[in-house]
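Thanks for coming. Please have the sequence and the structure open.

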Amino acid sequence: MAGAVYLLDPTGTVLALDMMCGVPVEAFAPWWRVALASHGPTQDAVREERLVWVSSQEELARSYPRVAANVPYRLAFAVAPLSGVHDCRGALLLLWPPERPDRLTLRERGRIAVGARRIARVLDAAARPAVVPDRPRFIPLHDAAARQAQPALAAADLVERLPLGTVALDLEGRITFTNAAAAELLGSAAAQLLGTQPWQSLPWLDNLAFMDTYRTAVTSREPLSLTVLGPSNHWLDLRFHADDSGISILITPGDPVEPPFKPLATQPAFISTSGSRIHLLVYLAAALTETVGVQDVVDLVADQILPAFGAHGMIMSTAEADRMRIVGYRGYAPEVIEQLDGQPADASLTPAGHALADGASSYFADRTELARAFPKAPQISDKQAWAFLPLITSGRPVGCFVLAFSHPHTFTAAERSILTPLAALIAQALDRARLYDAKHSLAHGLQQTLLPHALPTVTGLDVAARYLPASRGMDIGGDFYDLIRLTDTTAAAVIGDVQGHDVTAAALMGQVRMAVHSHATAGAAPDEVLTRTDRDLADVNAGRFVTCLYAHLDLARKQAALASAGHPPPLLRHPDHRAHTVDIDPGPPLGIGMGPPSYPITALPLAEGAILTLYTDGLVEVPGADIARTTADLAHHLGRSSDLSLQNLVASLVHHIRPLGRHTDDIALLLLRPTGGS
């Protein structure tokens, strides 16, 4: 039915629609750009590099409920990753009408995979990286001349005699035929309509209700109807009939509108019907649940709400110490924001302060209205109309949202009716995001304090370490590493992973690291270090388990003694470039509380030039991949790349397993290489 290609933008964080066929690109406007970090079928296909098949709206609701709220159309689709030589470049999206079978056959899966590989090879072979266009390209399925051809003369005469209007659209949404009745009802000459898209040549149809009905007809192939207010102040009934060649729209005139009614052409497009208002609120509510931090909320509101209202600017602020602190803006000059930031939250001085104090919204159609109500309010921007909306959650104000226009704008009752619940959604998301940012800042600061700022210098030993927070979520965790200098010729290396990704995990990580350090410097053997640390966790009733690998390094004797508390085994690269997983007998994780634990010691020769690699499971646990195979692949890459410096080798190992730099767990990595120096 239709197909599309998404490409990763240069930042690697956004999937952008590059080209499409079978459906006008305007019909896909809400999904031209999607955040890779969001949960969705296209994102999963790229992140996990697997084919995602969704056979129905019901399956979409089960697997991706938030996406289903934004895509209420009956259709089936498949998404295949564009896996290149080094990384995934994007995704191939294919859509079918809902009546197709629920399962993809092996032959269909094979053809989809072959098509995706061909596109990926073209992208790999390109001399320069593909440039994602601001507007996706439409790829026609038929010859353009044939697309514009009029029906046979007899059929045209038949349609011209009908009292109702008929309009034919091709797969790109362009008008290929219209009879005289349709041209009259639509208020435009047939010559001006042919070859155009309705929402371009008829601006009063450029609204959410029409586009939503059009999208539903294209994707579901179901007959649909919509009532709109035409340019002659008459209601028009539109009936959509779609198939694989395009859409036919039948237009029937309705009753005239009484004079008190305000014509739809002067109203914002998205509020033409109550159904459209509900759809917009559902869409934004679902989208706001995907936001995490304050900047996420600001970006979503700016990207989605400004275009929906045709607004030109916005300011989002919070109240701190009786002053308005701007947390995000769009469409304003930075110097203007600098002057507005920190203004007193005085209800008599500014409409923002008034909204915060009284919890009531204020609307100003032009500068005169604003100056009349708040003569002391600074008017230092180029904006001409404003809506000041209090952000209230749980009965308390948390801030103010300002929607601004560059020209005078009268806010209709319909606009106000949707802005009020919209502000409530923004308030809840902003309040949640501020709490997240505060917790994240605290936890991140705590974690950075507890991790070693620099590792000690040990004579005869080269060391490199890296900690990478999770690329999604709280961005902190309990992974840790350490190097402890014991004597002139001995040292201890430790790496571990505390259960969880929160402040508690970060705090417990610090306790475990200090306990291991204390027992190691007291002269305890590897098994005793782990046993005593396990007892320490039991004494504080930590309530969480910890995996840990402890290695005692004797550089004079060129050997190591290792003990593991449920931690992934280390890798060893020999001087002859052979690399493998160390066969180690692990004991139980620390803090399990299953009686006196046993941690067998594994002796290991550690020749000059060998590289001992300690890591946490976040490096090798890849969704959809076998961890043993991933670990073996990591060992193979270690053997091939060990001519690199240790610092570059750390980066190479991480990039080999995580080429896109995305991982749901944090990663710690510690590399040790005896040099034989003195």
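Predicted model: local features only at pLDDT ≥ 70, side-chain atom pairs only at ≥ 80, totals over all residues.

Let me start with a strand pair. Strand 20, residues 490-498, and strand 21, residues 546-554, run antiparallel and are joined by nine bridges. For a place to look, find Val 498, which has Val 546 of strand 21 opposite.

As background, strands in a sheet pair through hydrogen bonds of the backbone, in a parallel or an antiparallel way.

Now, which strands make up the open sheet, and in what order? There are five, and the order is 19-20-21-22-25, with antiparallel pairing. Why is one side of strand 19 and of strand 25 left without a neighbour in the sheet? Strand 19, at 478-485, and strand 25, at 602-605, are at the edges and have a single partner strand each, so one side of each has no neighbour there. From one strand to the next, the twist averages 15 degrees.

What lies across strand 19, strand 20 and strand 21? That is helix 17, residues 503-521, and its direction makes an angle of about 20 degrees with strand 19.

Last, the whole chain. It has 20 helices and 27 strands. Of its 678 residues, 50% are buried. Taking contacts between residues at least 6 apart in sequence, 61% join residues at least 24 apart. The accessible surface of the chain is about 30,500 Å², and carbon and sulfur atoms account for 55% of that.

Methods. Residues numbered from 1 in each chain as written. Heavy atoms only, no water. Pairing = 2+ DSSP bridges. Helix = DSSP H or I, 4+ residues; strand = E, 2+ residues; numbered from the N terminus. Axes fitted to C-alpha atoms, helices over the stretch in contact; angles between N-to-C directions. Contact = heavy atoms within 4.5 Å. Buried < 20%, exposed > 50% of the residue type's maximum accessible area, 1.4 Å probe, protein only. Areas by Shrake-Rupley, 256 points an atom, 1.4 Å probe, with all protein chains shown as cover.
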